[in-house]
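I opened my notebook beside the viewer. These are my entries, in the order I looked things up.

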Amino acid sequence: MIVASFNINGIKARLPALVDWLKEASPDVAVLQEIKSVDEGFPREPIEDLGYNLETHGQKGFNGVAILSKSPMEDVTRGLPGDDTDEQARYIEATVNGLRICGLYLPNGNPVPGPKYDYKLAWMQRLQNRATQLLATEQPFLMAGDYNIIPQAEDAARPEVWTDDALYRLESRNAYRRLTNLGLTDALRATTRADKTYTFWDYQAGARQKNNGIRIDHFLLCPQTADRLQSCEIDAHVRDREKPSDHVPIKVTLDF
DNA sequence: ATGACACGTTCAACGTGA
């Protein structure tokens, strides 16, 4: 079973690129971030024509997440628990073949300090609470998406420029480490020692050509799921195609 | 020191992103 995550930066602008990649990679499940569309505006047919069931959690203009699955999805829930006043569409869950899939788009958090950073840290605490709940169920699960966190210095081409940024400052990295300290496995670091491995390159200043990237899209696996991890790959070549997203897909192969 | 690039909203210019 292949599960993938892809921040597409707008479904309307990225539909051809998404369809091309789905045909090529053919993931069984894919979580998408930044669909930037309301549910009614999502172009369902091209996705469904490829054999995918589709669940969206969108909002107007910004954010928005979705899950695609070749197999039926059960118990779909929208929104991250823990704050009934949070109206940003950043989180969706569904169960596929007994595996709980959590798709997330974690807040950017800049500028620091400020309300956006406070929201990011509070959101990460809520995510930790949700992970703790799921661990207690002993049901296999994974949390995949755009975490907007550079976990360690080796996850940025130029870590020194990110020192005070919401994606990398110590307080952010500590919050991410609290997740892994619960017993969640970062799938990429569990399967490769390759360096200069990134999932995002800025559109500006030739960042892709210089491989001036950052690794901010992650798969965190619970112990039962990590035991079945076979590989984790980043489809970096997608970044060099026509009209690309600034992120590329990351995918895991699981013995499910 | 600044802007650079892209997307969505909506048609001129701004908010947001990372």
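**Charges over rings.** I looked for arginines sitting over aromatic rings. Arg173 lies over the face of Tyr168, at 4.1 Å from the ring centre. I noted Arg228 too: it sits over the face of Phe256, and here the distance to the ring centre is 4.2 Å. I reminded myself that this is a predicted model.

**Aromatic pairs.** Next I asked how many aromatic pairs the structure holds. The answer is three. I looked up two of them in detail.

I began with Phe6 and Trp21. Their ring centres are 5.3 Å apart. Their planes meet at 75 degrees, so I wrote the pair down as edge-to-face. The cut-off I used is that planes over 60 degrees apart count as edge-to-face. Where do the two residues of this pair sit in the chain? Phe6 is in strand β1, residues 2–7. Trp21 is in helix α1, residues 11–25. They are 15 residues apart, and the pair links distant parts of the chain.

Then I took Tyr147 and Tyr176. Here the ring centres lie 5.7 Å apart, and the planes are at 90 degrees, so this pair is edge-to-face. Tyr147 is in the loop between β8 (141–146) and α4 (170–181). Tyr176 is in helix α4 itself. The separation is 29 residues, and this pair also links distant parts of the chain.

Are these tyrosines buried or exposed? The cut-off for buried is under 20% relative accessible area. Tyr147 has 0%, so it is buried. Tyr176 has 4%, so it is buried.

**Arg126.** I went to helix α3, where Arg126 lies. I computed its exposure class with the same cut-off: buried means under 20%. The relative accessible area of Arg126 is 9%, so I marked it as buried. What does Arg126 touch, leaving out residues up to four places away in sequence? My list reads Leu80, Pro81, Gly82, Asp83 and Asp86. For Pro81 I noted a distance as well. Its backbone oxygen lies 3.2 Å from a polar atom of the Arg126 side chain.

**Cis peptide bonds.** I turned to the loop between β7 (99–105) and α3 (115–137), which holds Pro111. Pro113 is found in the loop between β7 and α3 too. Asn110 and Pro111 are joined by a cis peptide bond, with omega about 0 degrees. The bond from Val112 to Pro113 is cis as well, and its omega is near -5 degrees.

**Positive phi.** Asp75 has a positive phi of about 50 degrees. It lies in strand β5, residues 74–78. Lys243 also has a positive phi of about 50 degrees. Lys243 is in the loop between β13 (229–234) and β14 (250–254).

Which exposure class do they get? The cut-off for exposed is over 50%. Asp75 has a relative accessible area of 57%, so it is exposed. Lys243 has 56%, so it is exposed.

**The record.** Last, I checked UniProt. An unreviewed entry there places the feature "domain: Endonuclease/exonuclease/phosphatase" at residues 4–247. In the model, the end C-alpha atoms of residues 4–247 lie 13 Å apart. I wrote down the make-up of that span: 26% helix and 25% strand.

Terms used
Residues are numbered from 1 along each chain as its sequence is written. Chains are lettered from A and ligands numbered from 1 in the order in which they are written. This is a predicted model: local features need pLDDT of at least 70, side-chain atom pairs count only at pLDDT 80 or more; totals for chains, interfaces and linings use all residues. Side-chain values use heavy atoms; hydrogens and water are left out. Rings of Phe, Tyr and Trp (its six-membered ring) pair if their centres lie within 6.5 Å; planes under 30 degrees apart count as stacked, over 60 as edge-to-face and the rest as tilted. Helices (H or I, at least four residues) and strands (E, at least two) are DSSP runs, numbered from the N terminus. Buried means under 20% relative accessible area, exposed over 50%, partly exposed in between (1.4 Å probe, protein chains only). A charge sits over a ring if NZ of Lys or CZ of Arg is within 6 Å of the ring centre and within 35 degrees of the ring normal. UniProt positions are given in the numbering used here, feature names are shortened, and annotations may be inferred rather than shown by experiment. A polar contact is a pair of N or O atoms within 3.5 Å; within protein, one must be able to donate a hydrogen and the other to accept it, and residues adjacent in sequence count only if both atoms are side-chain atoms. Contact means heavy atoms within 4.5 Å.
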